Amino acid sequence: MVKIAVLGYGTVGSGVVEVIRTNQEVINQRLGEILQIKYVLDLRDFPGDPVQDIITHDFEDVVNDEEVKIVVEVMGGIEPAYTFVKRSLMAGKSVATSNKALVAKHGAELLRIAGEQNVNFLFEASVGGGIPILRPLHSSLTGDVIEEIMGILNGTTNYMMTKMFYEGANYDEVLKEAQDNGFAERNPEADVEGYDACRKIAILSSIISGRQVDFEDIYCEGITKITVEDMQYAKAMGKTVKLLATCKRDGDSLSAMVCPCLLSQEHPLYSVNGVFNSVFVHGNMLGDAMFYGSGAGKLPTASAVVGDVVEAAKNLNRNLGNGWSEEKLVLKKKDDVTHRFFVRMKGDREALQEKLGADFGMLQYVVVPEIDGEFGFVTECMPEGEYQKKAADYTEEIISMIRVEE
């Protein structure tokens, strides 16, 4: 029998308990022995819920119990999650977590401690929710150099962008609808400003580089400035707008970014709509692969956590060695990353055309008849820094800019 403890009985924690109890028989069969939840740690009581029989309010009960071999951390946030996870690993217990903030900030350190204690620190659910991406990177793609990872990693923003594109709704309308439907928090900042996706791409960047990538070092731009007019231009070009998180290898360096991008209909992520997430991976031997599914939600996320619990239970007292070092990776400077740029500009196109061509190269012009007094164009590919210098001469004319992902 393998006994575990669950820290937190919120959305994901209750989901973990539900997944284990619902699928107990098949989990036991795949594990080869019985998996039992001995404790659920929470500040609250849950009268009438069967979980009340195993509720504890004291973390010391968990960390000091030698019968508990695996700890599931689904509390969220940095503290006290970091302290509890670190102490659990130091006590010789493996840990499975869905906590992206914790993994992004302390993942390298916690992986080192797990290795020293010959246990495991697993976090599949921290990146893609129910989408399996970390385990394939560790096991199936170990023979590849991963040259690019690009993903729609936040279901809230993807739901909002989908509504804006297909229904012509504005940002405030779709945000309220997302909140009413439970897809967005009352304070949606982490989602709509891109911070959630940023932490996830930091984890993926750390894994494929083998070194610590700090999410604070990644350029991050959310969706709050995307408008109905932007979507009209996208449709006129046969494209859509998605919030993308990307990391790309360029020689010995790695670039990473989170920002809205225009995607053509041929792009593999074009048709990823609603609350679904997807991760596109390009390896030097594999070529292209895509992982698609529910990126969030109680049961999909809990399913990924339980997958890690089973993996840890199969490898008690054996570290799997999946991790990255604490040595910090310096990312390629944003100014040196190249893109094409879609620019909306007010003014007379014919009057500006010659000067724009001289500054931005051979331009693809876009006009939306329903929008008066402005036009759009797509620049040649150029470094971000070069674009910013050129755009500085048009501060009064430029309305907005969106990057174009080829």
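**Ground rules.** I worked from a predicted model, in which local features need pLDDT of at least 70 and side-chain atom pairs count only at pLDDT 80 or more, while totals for chains, interfaces and linings use all residues. I number residues from 1 along each chain as its sequence is written, and side-chain values use heavy atoms, with hydrogens and water left out.

I looked up the strand order and found an open sheet of 6 strands, 3-2-1-4-5-6, with parallel pairing; strands (E, at least two residues) and helices (H or I, at least four) are DSSP runs numbered from the N terminus, and two strands pair if DSSP finds at least two bridges between them. Strand 3 (55-56) and strand 6 (121-122) are at the edges with a single partner strand each, so one side of each has no neighbour in the sheet.

On one side, 5 bridges join strand 4 to strand 1 (residues 2-7) in parallel, and Lys3 stands opposite Val68. Towards strand 5 (residues 94-97) I noted 4 bridges, again parallel, with Val71 opposite Val95 and Val72 opposite Ala96. Between these two strands the chain passes through helix 4 (residues 81-90), and this β-α-β crossover is right-handed, that is, clockwise from the first strand over the helix to the second when the strands point away from the viewer.

Among the buried residues of helix 13 I listed Val305, Val306, Asp308, Val309 and Val310.

Helix 8 (residues 155-167) has 13 residues and reaches 18 Å between its first and last C-alpha, close to the 18 Å expected, the expected span being 1.5 Å times one less than the number of residues. Because 11 of its 13 residues are buried, helix 8 is largely enclosed by the rest of the structure. Its buried residues pack against partners including strand 7 (146-152), helix 9 (171-180) and strand 9 (239-250). At the N-terminal end, Asn154 caps the helix, with a side-chain oxygen 3.2 Å from the backbone nitrogen of Thr156; just after the helix, Gly168 takes a positive phi of about 70°.

I found Lys200 in helix 11, where it is buried at a relative accessible area of 5%; leaving out residues up to four places away in sequence, Lys200 touches Lys100, Ser126, Val127 and Leu153. Gln212 sits in the loop between helix 11 (195-209) and strand 8 (219-220) and counts as buried at 8% relative accessibility. Beyond neighbours within four places in sequence, the contacts of Gln212 include Ala104, Lys105, Ser206, Trp324 and Glu326.

How values were computed
Buried < 20%, exposed > 50% of the residue type's maximum accessible area, 1.4 Å probe, protein only. Contact = heavy atoms within 4.5 Å. Polar contact = N/O pair within 3.5 Å; in protein donor to acceptor, adjacent residues only side chain to side chain.
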